[in-house]
Amino acid sequence: MNPVESPISRRELEHRAEKEAIAQKAAELVEDGATLFLDASTTALALVRALRGKQRLTIVTNGVRAVTELATRAGYTVISTGGLLRDSSLAFVGPLAERAVSQYHVDWVFLSCKGITVERGMTESTELEAQLKHIMISHADRAVALVDSSKFGHVAFTTIAPISDLNILITDEAAPPVILEQVRRSGVEVMVASRGEGSQS
């Protein structure tokens with residue numbers, strides 16, 4: 001049986017300053033005209049808000065909140081995956097969502113997770129969300145994990161991908177330096193966002 005998952009409204013308030021700082025750092029990577037996958041995580045939702053100044057983006061997402069937030073962005077192409085709706089995360093998952101993601105190839109995927117360790121990689125609380133995130137990674141040129149420091153050292157129910165599948169990991173200043181050094185030795189670039197950066201978003 002899967003562990004009980006906190007509703008997205010509660011998770012959005014947890015570690016909010018750290019998520020906003022991480023999102024601001026991630027937004028700096030995105031150039032006008034880029035194509036992106038965004039998952040349904042609250043950190044990806046913070047990234048949607050941080051991308052406000054970018055032009056001509058194409059964004060494919062399984063997040064209901066992300067689609068709603070992007071609905072009024074002039075000049076953006078926004079694609080919802082559709083699929084089975086998980087009410088706790090407001091995420092579309094399942095075969096329909098997986099087929100939708102598999103049709104595209106994008107410049108970037110930005111995603112989060114429930115837990116991350118060097119040994120077990122990125123992990124998620126449900127198999128359907130983990131599988132969709134795995135497909136997103138495999139159909140993107142560059143994969144960026146948006147992981148606040150509370151996720152380090154935790155192993156959730158099922159694996160999304162090993163650390164080596166990532167290109168960049170963005171976290172906050174409270175992340176354990178020993179683990180970050182292990183991530184770097186895996187060939188992944190590590191970016192650390194300070195909480196002051198999030199105040200811009």
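A salt bridge here is a side-chain nitrogen of Lys or Arg within 4 Å of a carboxyl oxygen of Asp or Glu. This is a predicted model, so local features need pLDDT of at least 70 and side-chain atom pairs count only at pLDDT 80 or more, while totals for chains, interfaces and linings use all residues. Residues are numbered from 1 along each chain as its sequence is written, and side-chain values use heavy atoms, leaving out hydrogens and water.

**First stop: Lys114 and Glu124**

Select Lys114 and Glu124: they form a salt bridge whose closest N and O atoms are 2.9 Å apart. Lys114 sits in the loop between strand E6 (106-111) and strand E7 (115-117), and Glu124 in strand E8 (residues 121-124), so the pair ties together parts ten residues apart in sequence. Helices (H or I, at least four residues) and strands (E, at least two) are DSSP runs, numbered from the N terminus.

Is Glu124 buried or exposed? Glu124 is buried, with a relative accessible area of 1%, whereas Lys114 is partly exposed at 25%. Buried means under 20% relative accessible area, exposed over 50%, and partly exposed in between (1.4 Å probe, protein chains only).

**Next: Glu69 and Arg52**

Move to Glu69 and Arg52, whose side chains meet in a salt bridge (3.4 Å, N to O). This pair links distant parts of the chain, 17 residues apart: Glu69 is in helix H4 (residues 64-70) and Arg52 in the loop between H3 and strand E2 (58-61). Glu69 is partly exposed, with a relative accessible area of 23%.

**Then: helix H2**

Select Arg16 and Glu20, a salt bridge with its closest N and O atoms 3.4 Å apart. Both lie in helix H2 (residues 16-27), four residues apart, about one turn of the helix. An α-helix has 3.6 residues a turn, so residues three or four places apart point the same way. Arg16 is partly exposed at 40%, and so is Glu20 at 27%.

**Helix H3**

Select residues 42-50. Eight of the nine residues of H3 are buried, among them Thr42, Leu45 and Val48.

**Zoom out**

Show everything: the protein has seven helices and twelve strands, and the whole structure holds nine salt bridges. The C-alpha atoms fill a box of roughly 40 × 40 × 30 Å along the principal axes. Of the 201 residues, 54% are buried.
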